Amino acid sequence: MGSCIFCGGGNSKEHIVAEWLIRDCDLYKTKFRMGFSQENARGEMDSISQPQPLSGFYTIDVCGTCNNGWMSELEGKAKKILCPLLQITWPTNDKELFQSLFLNSGVIARWLLKTACTFGAKMSVEVMEQIRRDIYADVVPVGIIVDMAYDDEFGHYMAMSRQWNVWKDEKIISMQVGKQSFRLTWQVRHLVMRVHYFPGCEMTMTKPRFPVRIYPKFGISPDYVENGITKRSYHYKTLEQLEHETCYACHDFVLK
Ligand SMILES: [Zn+2]
């Protein structure tokens, strides 16, 4: 056993996915696909293991003080804020609900980042120590991007990745970037939540659709028209569509 990934102290068992989420969304038996957050040649998201329930999914890399203190406080806040978007039936006033996240964007960013740290520790895709220390100090580090989208396909998925779609020589290539980057992609029911950290690169989308940007600069892209039909910018048919359309423009030094 190592020490707490946040404060460096002793450790205890912590649910990677909060008990309120498992309870409120009735996820006890729901099996999550877990993967690399990367499409394979068949256009599906890669899985690294058999789908498994998150109720038995713990990390021992967190101490009791962190777990019962700031982490539990953060869970309480996140629960209140996100519940309306975690229903079986997607709410019709989703734009209003997303808009209301604006005032709590920092809380959501910390909460998802915390989850990226604990899930990453479990999956051996570790979040850098400096970032873990920052969250512990109540700071969201520069370079963290958080976004959310609606997936028409109901499902459960959780993945940490260091693989990115990058513009290079006027085409998009898929590349692995060492230990200084990570992305958590997490779907619960119809809501997809993502945390990106890819310093030196700028995220962009290849189609008129854009997820809701939660952090750092909150924004919802305007509706777009496709075949005469007005659509929400953050509505996706599948998780694959969202991930496939996400790409990054990088400064040269990152790719060297
Ligand atoms: Zn701790």
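**Legends for close-up views of a predicted model**

**View 1. The crossing of helix 3 and helix 5.** Helix 3 and helix 5 cross in a left-handed manner, where left-handed says that the near helix is turned anticlockwise from the far one by less than a right angle. This is a predicted model, in which local features need pLDDT of at least 70 and side-chain atom pairs count only at pLDDT 80 or more, while totals for chains, interfaces and linings use all residues. Residues are numbered from 1 along each chain as its sequence is written. The axes of helix 3 (residues 70–82) and helix 5 (residues 105–123) come within 10 Å and cross at roughly 120°, and helix 3 is therefore oblique to helix 5. Axes are lines fitted to C-alpha atoms, for helices over the stretch in contact, with angles from 0 to 180 degrees between N-to-C directions; under 35 degrees counts as roughly parallel, over 145 as roughly antiparallel, 65 to 115 as roughly perpendicular and the rest as oblique.

**View 2. The residues between the two helices.** Helix 3 contributes Met71, Leu74, Lys77, Ala78 and Ile81 to the contact, and helix 5 contributes Val107, Ile108, Arg110, Trp111 and Lys114, a contact being two residues whose C-beta atoms, placed from the backbone, lie within 7 Å.

**View 3. The setting in the whole chain.** The protein chain has 8 helices and 15 strands, which are DSSP runs (helices H or I, at least four residues; strands E, at least two) numbered from the N terminus. Its C-alpha atoms fill a box of roughly 55 × 45 × 35 Å along the principal axes.
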